[in-house]
Amino acid sequence: MARRLVVSLLPEEPEALGLLALMLHAEARRSARRNGRGEYVPLADQDPQSWNTALIEEAEALLFRASRMGAVGRYQLEAAVQSAHVVRRITGQTDWAAIERIYDALATIIDSPVVAINRAIAMAETRGPAAGIQALDALAGDPRLAEYQPYWAARAGLLARTGEHAAADAAYERAIGLETDPAVREFLQQRRRGCAGERGPAASA
C-alpha cells in the first residue's frame with residue numbers, strides 16, 4: 001500500500017499516520033459492503049464481526065500514535081470517525097455522540113459538504129431525524145449538492161423516518177438518478193419502494 005510508504009518516510013507526521021489509519025479502516029470493511037448475492041450493504045447493516053480485525057487493530061494503533069503527537073488534523077479526525085464506528089464490534093451500538101462531536105471538529109477545519117452531510121446524519125441519530133433534516137436544509141443553497149447523490153439519499157432516508165413520504169419519494173428519485181453503481185441504485189430503489197408502501201395505495205396514487 002502506497003500509504004504505508006508515506007508513513008515509512010514520515011513516521012513522525014501525525015497526518016500521515018491518520019491518513020493510513022483512515023485507509024486501513026476503509027479496507028477492513030471492504031468485503032462487508034456486498035453480501036453473497038452482490039447486493040449493497042450500508043455500514044449500519046454490516047456485520048461488524050465480518051470486518052478485518054488485523055487491519056482495524058493496525059489502524060487503531062496508528063491513530064493512537066498520532067494522537068500523542070499534539071497536532072490534530074483532518075485525516076486523524078476522519079479516522080477517528082471510523083474508530084467510533086468500530087466501537088459497535090464491542091458494544092453492539094455505534095457511538096453517534098462521539099461521531100457528531102468529531103464532525104463538529106472537522107467542520108471547523110474544512111468546508112466540505114461531505115462533512116456537513118455526515119454531521120447531519122449523526123445529529124439525526126443523537127437528536128432525532130427532524131434535527132438531521134434541519135441540518136440538511138441549511139445546506140440546500142450549496143450548489144455542490146445539486147448533483148451529489150449522498151445528499152439526496154440522506155435526505156430521503158431522514159424524510160422517510162419523519163413520515164414525509166412524498167418528499168422522501170422525490171428525494172429517492174433524485175438520488176437514484178444520480179447513482180452510477182447498479183448495486184447501490186437497486187438498494188435505493190428498494191428503500192423507495194418501502195417508503196411508497198408506507199404511504200399506502202391512496203397516498204401514492
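Which hand, left-handed or right-handed, does the crossing of α2 and α4 have? In this predicted model, the crossing of α2 and α4 is left-handed. The axes of α2 and helix α4 (residues 74-86) come within 7 Å, and the angle at which they cross is roughly 35°. On the α2 side, the contact is made by P14, E15, G18, L19, A21, L22 and H25. The partners contributed by α4 are R74, Y75, Q76, E78, A79, Q82, S83 and V86. By residue class, the contact of α2 with α4 comprises 7 nonpolar, 5 polar and 3 charged residues. In general, an α-helix has 3.6 residues a turn, so residues three or four places apart point the same way.

Aromatic pairs were examined next. A pair of aromatic rings is described by the distance of the centres and the angle of the planes. The count comes to 2 aromatic pairs. In one of them, the ring centres of Y40 and F187 are 5.2 Å apart and the planes stand at 75°, so the pair is edge-to-face, given that planes over 60 degrees apart are classed in this way. Y40 belongs to the loop between α2 (14-28) and α3 (53-67), whereas F187 belongs to helix α11 (residues 182-204); the pair therefore ties together parts that are 147 residues apart in sequence. Y40 is partly exposed, at a relative accessible area of 27%, while F187, with 15% relative accessibility, counts as buried.

The rings of Y151 and W152 also form an edge-to-face pair, because their centres lie 5.1 Å apart and their planes are at 85°. Both Y151 and W152 are buried.

Finally, helix α8 (residues 129-137) was considered. Its buried residues are P129, A131, G132, I133, A135 and L136.

Terms used:
Residues are numbered from 1 along each chain as its sequence is written. This is a predicted model: local features need pLDDT of at least 70, side-chain atom pairs count only at pLDDT 80 or more; totals for chains, interfaces and linings use all residues. Side-chain values use heavy atoms; hydrogens and water are left out. Rings of Phe, Tyr and Trp (its six-membered ring) pair if their centres lie within 6.5 Å; planes under 30 degrees apart count as stacked, over 60 as edge-to-face and the rest as tilted. Helices (H or I, at least four residues) and strands (E, at least two) are DSSP runs, numbered from the N terminus. Buried means under 20% relative accessible area, exposed over 50%, partly exposed in between (1.4 Å probe, protein chains only). Axes are lines fitted to C-alpha atoms, for helices over the stretch in contact, and angles run from 0 to 180 degrees between N-to-C directions. A crossing is left-handed if the near helix is turned anticlockwise from the far one by less than a right angle, and right-handed if clockwise. Contact means heavy atoms within 4.5 Å. Ala, Val, Leu, Ile, Met, Phe, Trp, Tyr, Cys and Pro count as nonpolar, Asp, Glu, Lys and Arg as charged, and the others, Gly among them, as polar.
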